[in-house]
Amino acid sequence: MHVWGLDLGGTKIEGAVLDPGCPTRPIARLRLPTESSKGYSHVLSQIAGVVAALERESGFPRPSLIGIGTPGAIEPSTGKLKNSNTQCLNGMPLRDDLEKLLGTGVRCANDANCFALAEATLGAARGEGVVMGLILGTGVGGGIVVHGRMIQGIHGIAGEWGHNPIRGEETSCYCGRKGCVETVLAGPSLERFFLQRSGRSLPLREIAGLDNDPHAIATLQRLQQKFGETVAPLINILDPDAIVVGGGVGNLPLLYEEQTRKEILKHTFNTELKTKILKPTLGDSAGVFGAAMLTYETS
């Protein structure tokens, strides 16, 4: 039986139809823009458009259950979405509304959880027992997988590393707090740090290529040091076998250098660091693969 997954992002909605026997080679895969500025109802219609297009492209009718990775998480007690940086989704019964709109069952999980599930079972951390997947992109999030099982937690927020506070940081976050990891390590946050010091607005990938620019060097050192400071508590609490780092910031080679491991070890309650820090191998497909995998146990 084929499984279907959707990855609901801030800028795009990706959908895929997979064969569980060969899940990394989609039978059908496509994207539509999210266009969240047009509001909640429009986002629902875009999701419905992706599902209809998958039916046409794959030649299969929609299944009885579709997995969807979402920004934020479903609050277990109310069934409403919370903590999404796509803010038109917050407080809305997304899963229930989609089940009515699509005429099929929907299983939702945080997009970082879907990323972690895919990389732990199909990707870079395959075969590792305890895995944490971190996303450093426009926002910062995380997910936990233990022996192939995604951990969501009693509040649905397990792995939400991006909203832990950093000592000494005071930048306001969309969540209403100050100094969250996201306000320091997200791509736009690092670009803003560079802009404030250099007066130039550049994308992070270009900043990373300015080898002799003192402002670029300071920006990358900040990334390396704050990454070490904020990842160490995850190791102190969870002590994972592997951490997989996704998102645009996760593409920077310096996160996998020995100096970054030294920055982590400075704050780790141990004298050596055995945890593997891994680049993802599934690319931007990890989220949609993980979403489809949400349906496996009932497919």
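Which residues does T281 touch, not counting those up to four places away in sequence? Let's start there. T281 touches E119, G123 and A124, where contact means heavy atoms within 4.5 Å.

Quick housekeeping before I go on. This is a predicted model, so to speak of local features we need pLDDT of at least 70, and side-chain atom pairs count only at pLDDT 80 or more, while totals for chains, interfaces and linings use all residues. Residues are numbered from 1 along each chain as its sequence is written, and side-chain values use heavy atoms, with hydrogens and water left out.

Okay, back to T281. You'll find T281 in the loop between β12 and α9. Helices here are DSSP runs of H or I with at least four residues, strands are runs of E with at least two, and both are numbered from the N terminus. T281 counts as exposed, at 54% relative accessibility. For the cut-offs, buried is under 20% relative accessible area, exposed is over 50%, and partly exposed is in between, using a 1.4 Å probe and protein chains only. Now look at G123: T281 and G123 are 158 residues apart along the chain, yet their C-alpha atoms are separated by 5.4 Å. And a polar atom of the T281 side chain lies 3.1 Å from the backbone nitrogen of A124.

Follow the chain on into α9, residues 286-293. Here 8 of the 8 residues are buried, so α9 is largely enclosed by the rest of the structure. What do those buried residues pack against? They pack against β1 (3-8), β2 (12-18), β4 (65-70) and α3 (111-121).

Take the α3 partner. The axes of α3 and α9 come within 7 Å and cross at roughly 90 degrees; axes are lines fitted to C-alpha atoms, for helices over the stretch in contact, and angles run from 0 to 180 degrees between N-to-C directions. The two helices are therefore roughly perpendicular to each other. On that scale, under 35 degrees is roughly parallel, over 145 roughly antiparallel, 65 to 115 roughly perpendicular, and the rest oblique. From α3 the contact uses C114, F115, L117, A118, E119 and T121, and from α9 it uses A286, G287, F289, G290, A291 and M293. By class that's 8 nonpolar, 3 polar and 1 charged. Ala, Val, Leu, Ile, Met, Phe, Trp, Tyr, Cys and Pro count as nonpolar, Asp, Glu, Lys and Arg as charged, and the others, Gly among them, as polar.

Next pair: α7 (residues 214-238) and α8 (residues 258-265), whose axes come within 7 Å and cross at roughly 55 degrees. That makes α7 oblique to α8. Residues in this contact include F227, V231 and I235 of α7, with Q259, T260, E263 and I264 coming from α8. The contact divides into 5 nonpolar, 5 polar and 2 charged residues.

Is T268 buried or exposed? Buried, with a relative accessible area of 11%. The T268 side chain reaches the backbone oxygen of I264 at 2.7 Å. Leaving out residues up to four places away in sequence, T268 touches A232, I235 and N236.

Last one: α1 (residues 40-58) and α2 (residues 94-102) pack at an angle of about 50 degrees, axes 11 Å apart. So α1 is oblique to α2. Their contact has 9 nonpolar, no polar and 1 charged residues.

Methods: Polar contact = N/O pair within 3.5 Å; in protein donor to acceptor, adjacent residues only side chain to side chain.
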